[in-house]
Amino acid sequence: MKNFLLFSFISFIATINSANATDRYWIGNGGDWSEASHWSNTSGGSSCNCIPTLNDNVFFNASSFSSGGQPVNIDQEAYCKSMNWTGSTASSTLSGGSVLNVYGSFILNAGMNVTYTGNLNFKSNNPGNTI
């Protein structure tokens, strides 16, 4: 019985780690990472009322902000697979001080502001990620 439970637990962990990434898009201008209303399953779409997990790729693009200078504040420990700001409005801002855990690539926009002061942890053991 113990061996079966151990095997079941290991299979469960393997299933979690092999989950396919879901794309999440920031919407609705500036705000806190923890505000589920700021996340969508499509660019410029309606809110999915969800917060990204370590299995989710997050994107900030032209549909995320109506004008520059709007912050995305990491207000609680946050997770994502990859983070990509390449399509965001110039001078958009990554801010906050809580821990940010990235399990893939971390790509910023050359025109954005970064006032983020928290710990940024790169957690991937896989090759090919971009920072």
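Read along the sequence, the chain follows the pattern α-β-β-β-β-β-β-β-β-β-β-β-β. In other words, the predicted model holds 1 helix and 12 strands. The chain has 131 residues, of which 34% count as buried. Among contacts between residues at least 6 apart in sequence, 39% join residues at least 24 apart.

An open sheet of 5 strands is found, with the order 3-1-4-7-10 and mixed pairing. Its edges are formed by strand 3 (39–40) and strand 10 (106–107), each of which pairs on one side only. Within this sheet, strand 4 and strand 7 (residues 83–84) run parallel and are joined by 2 bridges. Here Phe59 has Asn84 of strand 7 as its bridge partner.

Parallel to strand 8 runs strand 5 (residues 71–74), and 4 bridges join the two. In this pair, Pro71 stands opposite Thr93 of strand 8. Strand 8 also pairs with strand 11 (residues 113–114), again in the parallel sense, over 2 bridges. Thr93 takes part here too, standing opposite Asn113 in strand 11. Which way do the residues of strand 8 point? Thr93 and Ser95 point one way, while Leu94 and Gly96 point the other way, and all of these residues are buried.

Attention can now turn to charged side chains. A search of the whole structure finds 1 salt bridge. It is formed by the side chains of Arg24 and Asp56, with an N to O distance of 3.6 Å. Arg24 belongs to strand 1 (residues 22–26) and Asp56 to strand 4 (residues 56–59), so the pair ties together parts that are 32 residues apart in sequence. Are Arg24 and Asp56 buried or exposed? Both Arg24 and Asp56 are buried.

The cysteines come next. The search of the whole structure also finds 1 disulfide, which joins Cys48 to Cys50 with an S to S distance of 2.0 Å. For readers who like a reminder, a disulfide is a covalent bond between the sulfur atoms of two cysteines. The link of Cys48 and Cys50 is left-handed, with -50° about the S-S bond. Cys48 has 23% relative accessibility and therefore counts as partly exposed. Cys50 counts as buried because its relative accessibility is 16%. As for Cys80, its relative accessibility is 0%, so this residue counts as buried.

In soluble globular proteins, nonpolar side chains tend to be buried together. In this model, the largest nonpolar core has 19 residues, and those with the most contacts inside it are Trp33, Phe60, Met83 and Trp85. Strand 5, strand 6 (78–80) and strand 9 (100–102) are the elements that give two or more residues to this core. Which residues are in contact with Met83, leaving aside its neighbours within four places in sequence? They are Trp33, Val58, Phe60, Leu100, Ser105, Phe106 and Ile107.

Ser105 lies in the loop between strand 9 and strand 10. With a relative accessible area of 12%, Ser105 is buried. Its side chain reaches the backbone nitrogen of Thr130 at 2.8 Å. Leaving aside neighbours within four places in sequence, Ser105 is in contact with Lys81, Ser82, Met83, Asn129 and Thr130.

Asn61 is found in the loop between strand 4 and strand 5. At 15% relative accessibility, Asn61 counts as buried. The side chains of Asn61 and Ser43 are joined by a polar contact of 2.9 Å. Which residues does Asn61 contact, beyond its neighbours within four places in sequence? The list holds Tyr25, Ser43, Gly87, Ser88 and Thr89.

Methods: Residues are numbered from 1 along each chain as its sequence is written. This is a predicted model: local features need pLDDT of at least 70, side-chain atom pairs count only at pLDDT 80 or more; totals for chains, interfaces and linings use all residues. Side-chain values use heavy atoms; hydrogens and water are left out. Buried means under 20% relative accessible area, exposed over 50%, partly exposed in between (1.4 Å probe, protein chains only). Two strands pair if DSSP finds at least two bridges between them. A salt bridge is a side-chain nitrogen of Lys or Arg within 4 Å of a carboxyl oxygen of Asp or Glu. A disulfide is a pair of cysteine sulfur atoms within 2.5 Å. A polar contact is a pair of N or O atoms within 3.5 Å; within protein, one must be able to donate a hydrogen and the other to accept it, and residues adjacent in sequence count only if both atoms are side-chain atoms. Contact means heavy atoms within 4.5 Å. A nonpolar core is a set of buried Ala, Val, Leu, Ile, Met, Phe, Trp, Tyr and Cys residues joined through side-chain atoms within 4.5 Å.
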